[in-house]
Amino acid sequence: ATPAGYFPVEFKDTNRPLATGHKYQLAAYALLLEDHYGKPVRGGFVYFLPRQTLRYVEVTPGMRAYVKGVLEKIRRLVERQVFPEATLRRGRCRDCEYKNYCGDVR
């Protein structure tokens, strides 16, 4: 917390540029902070470890709506006790902690 408010910080160990997924992850953290502290969170930071750079990301109303939509989809999957469809981008599976479960049902 700062006098200006609350700001989530996400650390990334990558040399790749700021990605859409990074922004939505930060938006989800902002929603968590708002829920916990009851104060608005307008943005946050992504810190890239390899190059030691910090990027500010504004959390827009559209980002909030998108994250809330994804959360609702996740809740429905949990309620129905089903796994989500596999991604078409198999490279994403390499570091996924759920890849073993996907392999069990597919």
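This is a short tour of the structure, one selection at a time.

**Before starting**

The model is predicted: local features need pLDDT of at least 70, side-chain atom pairs count only at pLDDT 80 or more, and totals for chains, interfaces and linings use all residues. Residues are numbered from 1 along each chain as its sequence is written, and side-chain values use heavy atoms, with hydrogens and water left out.

**The whole chain**

Show the C-alpha trace, which spans about 50 × 35 × 20 Å along its principal axes. The protein has 3 helices and 3 strands, and from the N terminus on they run β-α-β-β-α-α. These elements are DSSP runs numbered from the N terminus: helices are H or I with at least four residues, strands are E with at least two. Of the 106 residues, 21% count as buried (buried is under 20% relative accessible area, exposed over 50%, partly exposed in between, with a 1.4 Å probe and protein chains only). Among contacts with a separation of 6 or more, 54% are between residues 24 or more positions apart; contact means heavy atoms within 4.5 Å.

**The sheet**

Select the strands next. The 3 strands form an open sheet in the order β1-β2-β3, with mixed pairing. Two strands pair if DSSP finds at least two bridges between them. β1 and β3 stand at the edges with a single partner strand each, so one side of each has no neighbour in the sheet. Neighbouring strands are turned by 25 degrees against each other on average, direction ignored.

Look at β1 and β2: they pair in the parallel sense over 4 bridges, and V9 has F45 in β2 as its bridge partner. Then move to β2 (residues 43-48) and β3 (residues 53-58), which pair in the antiparallel sense over 6 bridges. F48 stands opposite T53 in β3. The hairpin of β2 and β3 has 4 residues between the strands, and Q52 takes a positive phi near 50 degrees there.

**The aromatic rings**

Select F7, F45 and Y56, which ring pairs link into a cluster. Rings of Phe, Tyr and Trp (its six-membered ring) pair if their centres lie within 6.5 Å; planes under 30 degrees apart count as stacked, over 60 as edge-to-face and the rest as tilted. The count by this rule is 5 aromatic pairs. One of them, F7 with F45, is tilted, at 5.8 Å centre to centre and 50 degrees between the planes. F7 lies in the segment before β1 (9-12) and F45 in strand β2, so the pair ties together parts 38 residues apart in sequence. F7 is partly exposed at 28% relative accessibility, and F45 is partly exposed at 23%.

**Two helices**

Now show helix α1 (residues 20-37) and helix α2 (residues 61-80), which pack at an angle of about 85 degrees with their axes 9 Å apart. Axes are lines fitted to C-alpha atoms, for helices over the stretch in contact, and angles run from 0 to 180 degrees between N-to-C directions. α1 and α2 are therefore roughly perpendicular to each other (angles under 35 degrees count as roughly parallel, over 145 as roughly antiparallel, 65 to 115 as roughly perpendicular and the rest as oblique).

Which residues of α1 meet α2? They are K23, Y24, A27, A28, L31 and E34, against M63, R64, Y66, V67 and K68 in α2.

End on L31 in helix α1, which counts as buried at 15% relative accessibility. Leaving aside neighbours within four places in sequence, L31 is in contact with R64, V67 and K68.
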